[in-house]
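Trainee: I am new to this one. Please walk me through it.

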Amino acid sequence: MKRAISFLVVLTLACASVFAAGAKEEAAEQKPVTLNLMFYSPELQEQYNDMVAAYKAETGVTLDITVLQADYRSVLTSKINSGDIPDVFMTSAYADNSTYKDYAYDMSNEPFVKQLQPSALQGVTVAGKVIGYPFLVQSHSFIYNKKVFADVGITELPKTLDQLEAAAKKIEAAGIQPFATGFKEFWVLPQTAWQALAPAVVKNYGGYAKFVAGLNDGSLKFKNVSEMAQVFDLLDLIKKYGGPKPNESDFNDQTSSIATGKVAIIHQGNWAEGTIRKTNEAADIGYLVGPAGNDAAGAGIMFDSNQTIRVAKDGKNLKAALAWLNWLTTSEYGKNWIPGKIKQMSPIIGSDAPDSQIAKATAKLLGEKAPGYPWFYQMFPTGTEQQLGAVLQGYCAGQTDRAATLDAMDAAYTKIAKAAN
Amino acid sequence: MKKKTSRFLVFAAFTVPAFAAILVSVEVPFLMSVLYSFTKWNGLDRVPLFIGMANYTEIFLDDPDMMRALSFTFQQTFFRVILTNAIALLLAVLLDGEIRGKNALRAIFYIPNIISLIVIGYIWRFIFSKGFDSFYEMTKAPIFMLSWLGDGDMAFGSVLLVSVWQSIGFYLVIYIAGLQIVPRDVIEASMIDGAGPHSRFYKITLPLIMPSVTVAVFHSLSNSLKSFDVIFSLTNGGPGIATTTIALDIYKTAFVVSRFGYGTAKSVLLFLLILAFTFFQVKMFKSREIEA
């Protein structure tokens with residue numbers, strides 16, 4: 001018996017020393033501040049690293065960034081579950097405001113928030129509280145290869161579905177594939193689809209908040225949204241002129257095909273430009289407005305700040321995290337980081353325009369009073385984007401007809417909305 | 001008395017660490033999953049909400065996607081178990097015989113098994129799209145212009161092809177090992193009795209390697225029922241949900257739609273399903289094993 005006790009004591013002591021070592025390490029880390037960040041968009045890895053180096057040089061604070069893409073959300077969720085919450089992490093705007101409500105710091109009273117464009121703050125404001133920092137302002141619509149358009153003689157850019165089809169016919173007649181669909185990516189399909197619905201939501205359904213509220217409480221169903229027909233018309237058109245294997249085209253196929261002029265049009269966002277330029281530095285590309293049926297005045301681009309930086313409210317480095325955001329908003333380097341290095345549009349008031357064809361085209365279109373619609377589909381409950389993307393993918397692959405697709409969308413949406421309440 | 005305690009202590013010293021490790025890393029999480037399967041929880045809220053059997057009734061009464069995933073998984077499992085085992089056994093018999101370069105061939109068949117499944121998915125995704133495009137340019141054979149991943153029925157075949165190709169190596173090893181312990185004297189005796197190659201295989205070899213068959217079918221059955229990685233990177237369950245397996249459906253429920261409680265309920269169900277299937281399979285196959 002004695003031996004049993006001594007065995008247990010030894011075991012306990014052995015374990016204790018291990019735990020003690022763990023505690024000591026933590027204490028040692030306290031002195032020079034290291035911020036833990038979790039970001040997505042690995043295509044920006046170089047720019048992230050550049051910013052980390054600049055911040056270290058100016059302030060001595062180390063930023064430890066983990067960058068993931070496909071499994072970002074699952075890793076973040078498991079980290080939060082295990083109590084290992086990163087000091088700063090990235091999420092979407094809108095619906096994610098409520099998903100991460102228990103963890104995100106309310107930065108309404110931080111001075112740097114006043115330096116941000118009010119339009120960029122829409123997606124992160126809940127009941128007057130700013131609970132996220134808009135990272136980039138992005139846009140998506142149809143990107144076209146200017147050289148191909150010039151070669152086949154399209155002078156007037158299409159604004160309606162009929163005009164887009166006429167353009168596609170002309171391009172095809174010249175022996176060039178009109179579209180690379182991107183239908184294999186779960187996010188490209190819904191982005192293409194919702195853009196075609198955006199004007200109708202404002203015009204016929206009393207705005208986005210009301211539209212989404214109706215879907216959430218079940219009083220509105222997709223099958224009763226008659227304008228869904230123009231979404232299907234657009235998808236059919238892209239599929240018809242999308243080459244022999246329209247359901248296998250992914251982001252890489254889209255960007256490389258348009259860069260080389262193998263295809264003329266893709267549905268993508270300004271983030272695709274960097275990848276396009278990696279294939280062809282000199283690609284000459286522009287933006288088309290997204291047709292919504294045959295109403296030329298309603299055709300616009302989707303323009304919003306969705307990628308959101310959140311600060312963990314219970315993090316032990318809360319002050320340091322806020323100081324970093326302040327630096328990002330007010331310092332010379334910080335202000336230039338997004339337009340100058342990332343080459344996308346910055347939400348900071350008075351920041352420079354980036355040297356990017358798509359960003360310039362975005363500014364030009366908005367300047368010419370083309371409508372800029374918010375990414376209202378991000379107001380759908382978390383996870384809807386991918387689920388509805390799969391349903392639409394089934395439609396494009398010919399598995400369901402329009403009626404069955406609408407029923408499947410309603411079923412999927414109802415389930416998620418019910419679970420999110 | 002004293003001797004007994006010390007024996008017990010030695011026994012405990014060897015088993016307790018392993019027991020504790022398994023308890024903490026396998027059993028406790030499993031039991032927690034069972035608990036979570038009775039809750040409504042998005043994986044982030046601090047307190048899960050207890051909702052009793054509601055998740056389980058939803059699976060059976062109100063989840064057509066899950067039912068489609070179930071039927072897809074069963075169909076895949078059926079073909080995978082038969083094809084992998086038949087091809088692996090055939091190759092094993094060929095590679096066990098006297099043929100030239102058999103070691104090299106064995107290595108070639110085994111290599112896909114040591115590459116990460118996710119990587120294999122991406123490689124084949126490339127072959128099916130860009131690779132087949134180039135083949136078409138060269139040969140103009142219409143088979144390369146089919147949409148191997150974009151059409152629901154074609155994708156079924158493509159997924160089957162890749163998973164069988166990938167897993168054959170492992171079962172090949174099991175069967176070759178089984179064939180090598182078949183005693184030569186029994187074979188020779190049957191040859192003296194005038195048995196031809198066919199009856200020799202069916203009457204002597206096959207019954208004697210039945211233990212290997214049991215193991216191989218068991219593994220292929222449970223692996224097919226939980227298959228995830230290859231499909232995740234090859235089709236991500238698409239087009240639509242045409243190639244979504246139960247495991248992928250669980251992943252999407254938990255991590256995409258953030259319904260952790262519901263997702264764990266599905267995984268508990270998958271666990272019971274695999275348990276039942278493999279239990280009957282092993283029982284059935286064990287009864288056919290004989291000793292030489």
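Trainee: Which residue in strand 3 of chain A stands opposite A:M38?

Mentor: A:F89 stands opposite A:M38. Strands (E, at least two residues) and helices (H or I, at least four) are DSSP runs, numbered from the N terminus. This is a predicted model: local features need pLDDT of at least 70, side-chain atom pairs count only at pLDDT 80 or more, and totals for chains, interfaces and linings use all residues. Residues are numbered from 1 along each chain as its sequence is written, while chains are lettered from A and ligands numbered from 1 in the order in which they are written.

Trainee: In what sense do strand 1 and strand 3 of chain A pair?

Mentor: Two strands pair if DSSP finds at least two bridges between them. Strand 1 (34-39) and strand 3 (88-91) of chain A pair in the parallel sense, over two bridges.

Trainee: What is the order of the five strands in the open sheet of chain A?

Mentor: The order is 2-1-3-12-6, with mixed pairing. Strand 2 (62-67) and strand 6 (133-134) of chain A each have a single partner strand, so one side of each lacks a neighbour in the sheet.

Trainee: How many residues of chain A are in contact with chain B?

Mentor: Contact means C-beta atoms, placed from the backbone, within 7 Å. Here 29 residues of chain A contact 25 of chain B. Helices 1, 3, 16 and 17 of chain A each supply at least two residues of the chain A side. Helix 16 of chain A gives the largest share, six residues.

Trainee: Which domains does chain B have?

Mentor: Domain bounds come from an automatic or database domain assignment. For chain B it gives domain 1 (1-36) and domain 2 (65-286). Their C-alpha centres lie 35 Å apart.

Methods. Contact = placed C-beta atoms within 7 Å.
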